[in-house]
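Student: Please pick one part of this structure and go through it closely, with the cut-offs behind each term. Then set it against the rest of the chain.

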Amino acid sequence: MSEKTKTEAIKKLDAMKVHIGYPDKLDDMYSMLKVDENKSLYENNRFIQTIITKNNFAKIDQPVDRDEWRMSANSAGAFYEPLKNTVTLPAAGLRAPFYDKNQSASQNYGAIDGIIGHEISHAFDTNGSKYDEVGNRINWWTEEDYKKFEAKAKAVVDQYNKVEYLGQKVNGQRTVPENIADIGGLMVALEATKLLPDANLQEFYQSWATVWRQKARPEIEQILLVIDPNPPVKFRVNVVVANTDDFYSTFKVKEGDAMYIAPEDRIKLW
């Protein structure tokens, strides 16, 4: 990035609002949500959905509330919202294996810091990069910088397009926002970990891998390979870590090994 674009990027980072744990207050709508034991499940559901729909329509033409949560506190996940420039980290996503006070700092950096880095990086992926610090769809890049960014994004697309799984290929174009966030997020967390006085990169990488553990039937994985905006979780680990130079020195990975990527083909986004 040139200094001009970098200044705008820092402005966006400084303006980013972070929701952690749970909302400070609940929307007044929640006091209206009631279940009538004398009515059927269908009737109760229609009643609740009607209130939610009316509440949503009432927000039309009203000022944007950047304090509003779009994710429940008991959801084990996190997300970035470009229209508000907000990152949400619910309470359920702040428990093991994402974060554990009994883990080493390197382990927590490889888990929750990687996740936080992922969500922040969404502000600068192929979608988030089109919005400014308050969520307006405005081009804040110089023309030359954005062309360089597009070249980086194409390299990510091309790299994932070559990945085979269950007899199919990963769709690098569809998954590029998530792949950019994974690669960028882990690299940020890695650089932070290396500043620790007792940094343990083996623990760091293993913790990142632990976060993405999954058990699923091949049939489900084949469906997800076609519709999911994320690549299979195996490659959210293997491809991402293989793009970092420290992975090779940490695990003594060498040319000819299954996860080896030649230095000139390793993607460094920022």
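Tutor: Helices (H or I, at least four residues) and strands (E, at least two) are DSSP runs, numbered from the N terminus. By that count the protein has nine helices and five strands, and along the sequence they follow the pattern α-β-α-β-β-α-α-β-β-α-α-α-α-α. This is a predicted model, in which local features need pLDDT of at least 70 and side-chain atom pairs count only at pLDDT 80 or more, while totals for chains, interfaces and linings use all residues. Residues are numbered from 1 along each chain as its sequence is written, and side-chain values use heavy atoms, with hydrogens and water left out.

The part to look at is the three-stranded sheet. Its strands lie in the order β1-β3-β2, the sheet is open, and the pairing is mixed. Two strands pair if DSSP finds at least two bridges between them. β1 (17-21) and β2 (79-81) each have a single partner strand and stand at the edges, so one side of each has no neighbour in the sheet. On average, neighbouring strands of this sheet are turned by 15 degrees against each other, direction ignored. Such angles come from axes, which are lines fitted to C-alpha atoms, for helices over the stretch in contact; in general the angles run from 0 to 180 degrees between N-to-C directions.

β1 and β3 (residues 86-90) run parallel and are joined by five bridges. Among the partners across this pair, K17 is bridged to T86 in β3, and G21 is bridged to P90 in β3. β2 pairs with β3 in the antiparallel sense, over three bridges, and there Y80 stands opposite V87.

β3 is mostly covered: five of its five residues are buried. Buried means under 20% relative accessible area, exposed over 50%, and partly exposed in between (1.4 Å probe, protein chains only). The cover is on both faces, with T86, T88 and P90 on one side and V87 and L89 on the other.

The hairpin of β2 and β3 has four residues between the strands. N85 is in that loop, and its phi is near 55 degrees, a positive value in a residue other than glycine. N85 is buried, because its relative accessible area is 0%. D61 sits in the loop between α2 and β2 and is exposed, with a relative accessible area of 76%. Beyond β3, the loop between β3 and α3 contains P97, which a cis peptide bond joins to A96, with omega about 5 degrees.

That loop leads on to the helices. The axes of α3 (residues 105-121) and α6 (residues 201-211) come within 7 Å and cross at roughly 45 degrees. That makes α3 oblique to α6; angles under 35 degrees count as roughly parallel, over 145 as roughly antiparallel, 65 to 115 as roughly perpendicular and the rest as oblique. In contact (heavy atoms within 4.5 Å) are S106, Q107, Y109, G110, A111, G114 and I115 of α3 with E203, F204, S207, W208 and V211 of α6. These residues divide into six nonpolar, five polar and one charged. Here Ala, Val, Leu, Ile, Met, Phe, Trp, Tyr, Cys and Pro count as nonpolar, Asp, Glu, Lys and Arg as charged, and the others, Gly among them, as polar.

The buried ones are F235, R236, V237, V239, V240, V241 and A242. What covers them includes α3, α4 (143-161), β4 (164-165), α5 (172-193), α6 and α9 (245-251).

As for the whole, buried residues make up 40% of the 270 in the protein. Of the contacts with a separation of 6 or more, 64% are between residues 24 or more positions apart. The C-alpha atoms fill a box of roughly 65 × 45 × 40 Å, taken along the principal axes.
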